[in-house]
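Colleague: Could you take me through one part of this model slowly? I'd like to look at a sheet and its surroundings, in plain words please.

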Number of protein chains: 2
Amino acid sequence: MQDKLDQLKARLARISDLRRAASVLSWDQETHMPPGGVQARAEHLGTLRGLAHELFITDEVGMLLDDLQPYAEQLPYDSDEASLIRVMRREYDKAVRVPVAWVEQNARTTSLAHHTWVQAKNRNQFSLFQDDLARVVDLQKQWAEYFAPYDNIYDPLLDRYERSLDTAQVSAVFAGMKPALVELVQAIAERADAVDDSLLRRPLDAQRQLAFGQVLSARLGYDYQRGRLDVSAHPFTSGFSPGDVRITTLVDPDNFFRCVKSSIHEAGHAMHGQNLKPSLFRTGLDWGAGMAIGESQSRFYENIIGRSRAFWAYFLPTMKAIFAPLLDDVALEPFYRAINKVEPSLIRVKADEVTYGLHIVLRFELEDDLLNGRVAVADLPQEWNARMEAYLGIVPPTDTDGVLQDVHWSSGMFGYFPDYQLGSLFAVQLWEAMQRDLPAISGDIAAGRFEGVLGWLREHVMQHGRKFTLPELSERVTGVPLSWEPYVHYVREKMGEIYGF
Amino acid sequence: MQDKLDQLKARLARISDLRRAASVLSWDQETHMPPGGVQARAEHLGTLRGLAHELFITDEVGMLLDDLQPYAEQLPYDSDEASLIRVMRREYDKAVRVPVAWVEQNARTTSLAHHTWVQAKNRNQFSLFQDDLARVVDLQKQWAEYFAPYDNIYDPLLDRYERSLDTAQVSAVFAGMKPALVELVQAIAERADAVDDSLLRRPLDAQRQLAFGQVLSARLGYDYQRGRLDVSAHPFTSGFSPGDVRITTLVDPDNFFRCVKSSIHEAGHAMHGQNLKPSLFRTGLDWGAGMAIGESQSRFYENIIGRSRAFWAYFLPTMKAIFAPLLDDVALEPFYRAINKVEPSLIRVKADEVTYGLHIVLRFELEDDLLNGRVAVADLPQEWNARMEAYLGIVPPTDTDGVLQDVHWSSGMFGYFPDYQLGSLFAVQLWEAMQRDLPAISGDIAAGRFEGVLGWLREHVMQHGRKFTLPELSERVTGVPLSWEPYVHYVREKMGEIYGF
């Protein structure tokens, strides 16, 4: 059996290499590629992703998985070997339904659509993007059809990013959370003046903002010997091995906290990648579904840590020194309140911890409607704006501030958005468990000791890669299923203290 | 037949994509990859290069080439189709002799050896690199054995970089050139004081040096919409498509002309890539052997243009303005003489047009001896130093200034060095032909009009990709075979005027 397992691993390693190489090309496309490279890059990505798929769906892989099934059943469920065989069995059964031609076509189409989206966003003109987006949507619908019959055409897409998650489950979670958030937004709206965040708009030097982002991410445990920080229009993390996980961030001239929180968010993702158990690298357990788990790590660092009083008790003096004299007069409490101000706003990635969830609900419902044909691609701008008004009471003045703001659709990532919010929910559950295990953790954070946080997350989440589904991990780590209540409790407490209700 | 040709092209396009993707990964490794990425990158490159090879040496490709042979014979020799079939036939017959395992192993070994070489060079310690180099050399010997019987084990390696070139031919060319260069070096040594290049050591701001390199390369015709300039330890060009050909350069604090000439040299390579006939992209005619032709383009721009009086008659005022006031007092003649000073020196890439050839002869002879077992890897440092003393009269004080100076061996590029000098020789023959075709070309250059140069090179050389061998191209463009005499005549005339003999 060891021989068959080795054969399977050798095949998976090659496939992993092709996927990682494609990631390098995508990273390059976002950060360094000249405009002239667009067409050829689409071809390169089509070939790499197509070949990876082709090598995965061979009969040989299927037979190895068949042969290894009885072996896996003798092993502990959570062993690396049993997990590898279990997860790959599922991925294989899904992958064989999808033709290589679709994978190549999708890689090419999204590579080009991404470029068109950048142009449309820069020129604030949805119509420039519409045809490309329609092509991308058609491809996603076609993909879903490979998994028919389904309860909802959106189900296969959700499953692509977080295994076993379907529309009904997400709807149930969001149905519980949404009214609570809406109520909270209203309660806060009545006390909007209680928090002043104007200090975040002080114009700070961009180079020093980036340097501070680097300081924060490094201190939290992101290893720059195994990574680097670049600037891109839409911050992202890209990992090619545990030894090379790169992050990007941005500088917003209107709000210096965006560079801070983007740097911390992406560092959270990147530490997840850097702390994978080394033996899982180049297996199928280092890529694929698990994005809500991934977002739980980035949102944990961004929100639970990066918007906490303890964290800034420690880091405010450093920040003031780096930007001296521009923040000399800033005290902890006003700063803590400013970075936690709750206010309906147009852009998801600028949103606070409360309204963020509503941005996600909007996208989830809109994707569901789009894929089910209840909304047409051409109608997306007006649908977007109508729902923004309904959920947050504001209407984007431009498409760039509305339907064009996110990169995801250009990349074919329909079904990904819910994972951000599910990650936020899970992050709170992780935080409760961490506090139980490490009662002194808030004190450690306030004293600038972050090894405890990273060590706990490494042990319970990061090292496992894709071994477990979100429900499995939730049960293992927190002892209870994923739930929206702890999150709502957390934001209600936190905002209640800040806003005084 | 069109159908079979299309099938062949589809297969070659995929293979081309894999090779180009590997080039992106190599470019990234040189310019942006963090140290932790070394091991995984070696695996990624092994997989990409191994798969490209595996896809090429299939029976299907062989049968398509067999079937297309009669068709190719009906077409004009220089048509794209006949050239594709002819060149791929030859590449295929060679490739099938080489196992995939060798290709993977070579990619991994050289990727790691490159990293070791960087460390050894930084620490000035050949012993750190010795074991890796021995592994690389063994792999190259093994590769040559796949082509046994040969006249000289070095032949298959030379052929790898420039088709149909063998040790005997290179020896014959160098045997003619070498005494002439040695005599010229001696004649100049007697008048060494005639040229003062101290002005090149004025400390100029690094950022402005890079900006000037960008200005020069752009004005010569390198299109930055389809490329970019970065900094790396060893300047190089890397092309992923005609729409994305990137260059790197360096800044030498001891000599500002190095940034100038590196930028121009790499721009020459890159224009070659950018000006490929678009229909040859993603065919087998856009990669592979042809490095002497490639170097003829870079060396043409670096030397024939970039060290000419006409070029600097035009660009000196711009340079003075960019670096004002540090070069305000510099006049054309002293500058022209300074950048053409002939002086034996330790580093090949710093060498003048005369001694450069002797650096190449040294490497050619040393590689020949190494591969034939007349010199051992462990003895390379002392052999290097002894030959430097014999040919140039100087002995490197350190390995970094001697045997460790070039990147090539770490990448397994044995057999490449001669192409630099053959490229220099061919560049002079191209220059003679260009002057016949365009009698006003020197005046154009002095007036800052460079379209004529690029247009002529595009028509006669660049657009053809790998269609022709160096002898074929030489006959087509210049009407005579490749020869060393025009080069020696050119440097003798040029240096005679400068040094007054």
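Modeller: Let's start with β1 of chain B and strand β3 (residues 244-249) of chain B, which pair in the parallel sense over three bridges. Two strands count as paired if DSSP finds at least two bridges between them. The strands (E, at least two residues) and helices (H or I, at least four residues) are DSSP runs, numbered from the N terminus. For one bridge you can look up yourself, take B:D230, whose partner in β3(B) is B:T248.

Before we go on, a word on the ground rules: this is a predicted model, where local features need pLDDT of at least 70 and side-chain atom pairs count only at pLDDT 80 or more, while totals for chains, interfaces and linings use all residues. Residues are numbered from 1 along each chain as its sequence is written, chains are lettered from A and ligands numbered from 1 in the order in which they are written, and side-chain values use heavy atoms, with hydrogens and water left out.

The open sheet in chain B has three strands in the order β1-β3-β2, and the pairing is mixed. Because β1 (229-231) and β2 (237-241) of chain B each have a single partner strand, they stand at the edges, and one side of each is left without a neighbour in the sheet. On average, neighbouring strands here are turned by 25 degrees against each other, direction ignored. Helix α1 (residues 2-31) of chain B packs on this sheet and touches β1, β2 and β3 of chain B; contact means heavy atoms within 4.5 Å. The direction of α1 makes about 145 degrees with that of β2(B). For such angles, axes are lines fitted to C-alpha atoms (for helices over the stretch in contact), and the angles run from 0 to 180 degrees between N-to-C directions.

Some of these elements turn up again where the chains meet. There, 39 residues of chain B are in contact with 39 residues of chain A. Ten salt bridges are counted between the two chains, each a side-chain nitrogen of Lys or Arg within 4 Å of a carboxyl oxygen of Asp or Glu. A:R14 forms one with B:E104, and their closest N and O atoms are 3.0 Å apart. The elements of chain B that give two or more residues to the side touching chain A are α1, α2 (38-56), α5 (100-123), β2 and β3. Of these, α2(B) gives the most, with ten residues.
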